[in-house]
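Please look at the sequence and the structure shown here. The paragraphs that follow go through them part by part.

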Amino acid sequence: MKTTKFKVLTSTFLTSALLLGACGDNNDEVEENELNETEVQKQEEETAKEDTTVETPEEPKEVAFQSFNLHIDTADAKDAVVAQYTAEPKDSLYTNERDSANIEGEEANELLKSVLGELQLNKDMADEDVIQRVTLAFGVEEYTNLKLEIAYDDEKEVKTYTDNKNKK
């Protein structure tokens, strides 16, 4: 009987050792995965550092207008886009039906100042060029009516741009 107990205990011990030995191999794989995760984290951190250096905001360009008054009608809505910029921030307004934007005052003034500064419009540009730049800047490709009035800094009169065509 002792021999049977000895055989059973020995076989149980050897089976346990084999099972534990097999589980030990999985631990090596986990360590390798941990190293790979660390490398991935380092790469993500480097990418994040690169992204933050690229996204440095530039100074907004100077707006060369005393006022800018834009009304664009589309097939879907009258006054789909309205942008009114003045030197007095509290009087500025921006609405855009498509983007559900409706802002006024200083917030609208800052938004419009950044958009208008990038346009770099001047009184000597062809009307078509001004209209094309403005429609691109405000994201309107198709419209039924456009009216734009700009009071340039060096002019006493307001210059008016209009287009009453359907764009397709």
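Ala75 sits in the loop that links S1 with strand S2 (81–86). With a relative accessibility of 72%, Ala75 counts as exposed, because the cut-off for that class is over 50%. The model is a predicted one, and in it Ala75 lies 9.1 Å from Asn145, C-alpha to C-alpha, although 70 residues separate the two in sequence.

Ser92 is found between S2 and S3. Is Ser92 buried or exposed? Its relative accessible area is 2%, so Ser92 is buried. Leaving aside residues up to four places away in sequence, Ser92 touches Gln84, Tyr85, Thr86, Glu104, Gly105, Ala108 and Asn109.

The protein chain has three helices and six strands. Along the sequence they follow the pattern α-β-β-β-β-α-α-β-β. The chain has 168 residues, of which 25% count as buried. Its accessible surface comes to about 12,500 Å², and carbon and sulfur atoms account for 49% of that. Among the contacts with a separation of 6 or more, 44% are between residues 24 or more positions apart.

The strands come next. Strands of a sheet pair through backbone hydrogen bonds, in a parallel or an antiparallel way. Here six strands form an open sheet, in the order S4-S3-S2-S1-S5-S6, and the pairing is antiparallel. Which strands are at the edges? They are strand S4 (101–104) and S6, each of which pairs on one side only. From one strand to the next, the twist averages 10°. At the S4 end of the order, strand S3 (residues 93–96) and S4 pair in the antiparallel sense over four bridges. Leu93 has Glu104 in S4 as its bridge partner. Glu104 is also one of the residues that Ser92 touches.

H3 touches S1, S5 and S6, and its direction makes about 75° with that of S6. Which residues of helix H3 (residues 127–137) are buried? They are Val130, Ile131, Val134 and Thr135. These residues lie on the same side of H3, because they cover an arc of only 125° around the axis. The cover over them includes strand S1 (65–73), helix H2 (105–119), strand S5 (145–152) and strand S6 (159–163). On the face of H3 turned away from its buried side are the exposed residues Glu128 and Leu136. After H3 comes Gly139, which has a positive phi, near 70°.

Asp127 is partly exposed at 34% relative accessibility, and Lys159 is partly exposed with a relative accessible area of 27%.

Another pair belongs to helix H2. The side chains of Glu110 and Lys113 meet in a salt bridge, at 3.9 Å from N to O. The two residues are three places apart in helix H2, so about one helical turn separates them. Glu110 counts as partly exposed at 48% relative accessibility, and Lys113 counts as partly exposed at 27%.

A further salt bridge joins the side chains of Lys147 and Glu149, with 3.5 Å from N to O. Lys147 has a relative accessible area of 37%, so this residue is partly exposed. Glu149, with 26%, is partly exposed too.

Methods. Residues numbered from 1 in each chain as written. Predicted model: local features only at pLDDT ≥ 70, side-chain atom pairs only at ≥ 80, totals over all residues. Heavy atoms only, no water. Buried < 20%, exposed > 50% of the residue type's maximum accessible area, 1.4 Å probe, protein only. Arc of directions from axis to C-beta. Contact = heavy atoms within 4.5 Å. Salt bridge = Lys/Arg side-chain N within 4 Å of Asp/Glu carboxyl O. Pairing = 2+ DSSP bridges. Axes fitted to C-alpha atoms, helices over the stretch in contact; angles between N-to-C directions. Areas by Shrake-Rupley, 256 points an atom, 1.4 Å probe, with all protein chains shown as cover.
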